[in-house]
Amino acid sequence: MHMEFQSSEDEDMAQRLLEYNVLATREHGRPVLSCVIYLRKDSKIAESPLIWELPNGQKVLYFHFIVIKLWDITADELIQTNLTGLLPLVPLTKDGGQYEVIDEVATKLAAAKEYNLLEYARRFASLVFKEGSDHEWLNRRFAVYKDILEDSWVVQEQRREGELRGLHLAVQDVIQARFPEILPFVKKQMEGIEDTEVLRRLNVKMSTAQTAEEALQYLFTVGNEKNKIE
């Protein structure tokens, strides 16, 4: 079984499913059924089957895959499967944007101690609840799990990514202010640096470098250290 989740428009989705299906079939030596789950309603939905044909009408490829549109499914349909892993998707269903539905999902996930899934459910619910009063209710409903969610790897990873983005931008801001001529090179050289301590030291060095050459020299040193680690 090959699953894809899609949240935005992709004109090549059917062909991408085909490519992954062929790769999976060759890798495992077994027939593979592909399925795409659309999280949000879009104007361009991949339709099954994908058919390729010659100008004379002769069909040379017929690829069948499953398309699931969450907005066509009721919340109860997902909940009644008793599959905990599907619960975070409930807010995106046809009638999932209701307080009592979100409350049931949160209660079930908390009872199962699936705190990472609980955080995903909160995020998906935030895509549906767009009014100010809805935001307030959602925040209050999940506030009881605040301490637990703070320790989930989902939140921890989000914080780490936010910190990395902030440090990258901080270094770039310093370079833009002091040595703008080397900024494009700095951006390229910094790609792949995910050590927050290295980025902090880099920010200090860029702030104290007397010349662009000195800044570049330290940047080369950091790049070489990164390559040795890899």
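Modeller: L70 touches I37, Y38, L39, L78, L89, L92, T93 and K94, leaving aside residues up to four places away in sequence; contact means heavy atoms within 4.5 Å. This is a predicted model, in which local features need pLDDT of at least 70 and side-chain atom pairs count only at pLDDT 80 or more, whereas totals for chains, interfaces and linings use all residues. Residues are numbered from 1 along each chain as its sequence is written, and side-chain values use heavy atoms, without hydrogens and water.

Biologist: Which residues touch the most other members of the largest nonpolar core?

Modeller: In soluble globular proteins, nonpolar side chains tend to be buried together. Here the largest core holds 27 residues, and L39, L70, V90, I102, L138 and F142 touch the most other members. Such a core is a set of buried Ala, Val, Leu, Ile, Met, Phe, Trp, Tyr and Cys residues joined through side-chain atoms within 4.5 Å, buried being under 20% relative accessible area (1.4 Å probe, protein chains only). Helix 3 (99–111) is among the elements that each supply at least two residues, and its six residues are the largest share. Helices are DSSP runs of H or I, at least four residues, and strands of E, at least two, numbered from the N terminus.

Biologist: What is the strand order of the open sheet?

Modeller: Strands of a sheet pair through backbone hydrogen bonds, either parallel or antiparallel. The order is 1-2-5, with parallel pairing; pairing requires at least two DSSP bridges. Strand 1 (2–6) and strand 5 (66–69) each have a single partner strand, so one side of each lacks a neighbour in the sheet.

Definitions and conventions. Buried < 20%, exposed > 50% of the residue type's maximum accessible area, 1.4 Å probe, protein only.
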